[in-house]
Amino acid sequence: RESNANGHWNNPADILSAVAEQYRLDTRADQDVYLEVWIEKEALLGVIEPTCRELDVRYMACRGYSSQSAMWQAAQRIIRANNGTQKGVLLYFGDHDPSGLDMGRYIQERLTLFGADVQLDRVALNMDQIEHYELPPNPAKETDKRYAAYAAEYGKQCWELDALEPPVIAELIEEAVAKYTDEDRRQELIGLEAEQKTSLAYISEHWQELNGR
């Protein structure tokens with residue numbers, strides 16, 4: 001059985017110290033473009049997470065064809081960003097197979113249906129990457145209703161995003177994000193965040209003297 005209780009602190013200095021550690025500004029708040037990184041498979045979330053967190057970009061796994069509720073929630077995020085004058089761009093990573101290629105169309109259509117103005121940029125997996133990294137092929141699923149159109153253009157083989165090494169995926173994210181980022185603006189906010197964290201830490205360390213007891 002699970003028990004529950006209120007959280008407690010020994011004194012205000014302790015909670016201020018925790019706040020200083022956790023404090024984050026949105027370092028992309030004044031960019032012209034609102035970015036998200038979407039990946040087809042949840043199994044690869046751990047691969048993209050460190051890079052997305054470092055770059056301060058929201059990320060999510062589609063888990064195949066995303067649900068209507070997930071699409072609606074994403075559309076609302078993009079609409080809020082657009083109302084704040086940011087253009088919406090999704091950086092998409094998926095398999096090169098009948099469904100993996102079609103998901104971009106599905107995502108774009110659903111987000112548009114829910115009122116979002118967004119551009120989908122398919123970062124990977126693309127044929128030039130398959131050829132460059134000499135990725136191993138798999139037989140495409142003939143039972144996929146999109147198989148005929150896919151086979152007519154690419155043949156009977158398909159390729160999985162997982163075949164790319166994690167450092168390559170991280171590099172592709174970095175390059176794609178950089179295309180849409182004004183780094184000077186971002187560094188200004190990173191500097192401001194550091195200053196404010198330092199101020200919070202100072203208050204925590206000197207709480208007793210600042211509080212007069």
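Is Tyr154 buried, exposed or partly exposed? Tyr154 is partly exposed, with a relative accessible area of 29%. Here buried means under 20% relative accessible area, exposed over 50%, and partly exposed in between (1.4 Å probe, protein chains only).

1. Basis. This is a predicted model, in which local features need pLDDT of at least 70 and side-chain atom pairs count only at pLDDT 80 or more, while totals for chains, interfaces and linings use all residues. Residues are numbered from 1 along each chain as its sequence is written, and side-chain values use heavy atoms, with hydrogens and water left out.

2. Aromatic pairs. Rings of Phe, Tyr and Trp (its six-membered ring) pair if their centres lie within 6.5 Å; planes under 30 degrees apart count as stacked, over 60 as edge-to-face and the rest as tilted. Two aromatic pairs are counted by this rule. In one of them, Tyr65 and Tyr106 are edge-to-face, at 5.1 Å centre to centre and 85° between the planes. This pair ties together parts that are 41 residues apart in sequence, because Tyr65 lies in the loop between β2 (58-61) and α3 (68-83) and Tyr106 in helix α4 (residues 98-113). Helices (H or I, at least four residues) and strands (E, at least two) are DSSP runs, numbered from the N terminus. Tyr65 is partly exposed at 29% relative accessibility, whereas Tyr106 is buried at 11%.

3. Tyr150 and Tyr154. With ring centres 5.1 Å apart and planes at 40°, the pair of Tyr150 and Tyr154 is tilted. Both residues belong to helix α6 (residues 147-154); they are four residues apart, so about one helical turn separates them. Tyr150 is buried, with a relative accessible area of 4%, while Tyr154 is partly exposed.

4. Asp121. This residue is in strand β4 (residues 118-124) and is buried, at 14% relative accessibility. The side chain of Asp121 makes a polar contact of 2.9 Å with the side chain of Tyr180. A polar contact is a pair of N or O atoms within 3.5 Å; within protein, one must be able to donate a hydrogen and the other to accept it, and residues adjacent in sequence count only if both atoms are side-chain atoms. Leaving aside neighbours within four places in sequence, Asp121 has contacts (heavy atoms within 4.5 Å) with Val89, Leu90, Leu91, Tyr92, Lys179 and Tyr180.

5. Helix α1. Val19 is placed in helix α1 (residues 12-22). At 36% relative accessibility, Val19 is partly exposed.
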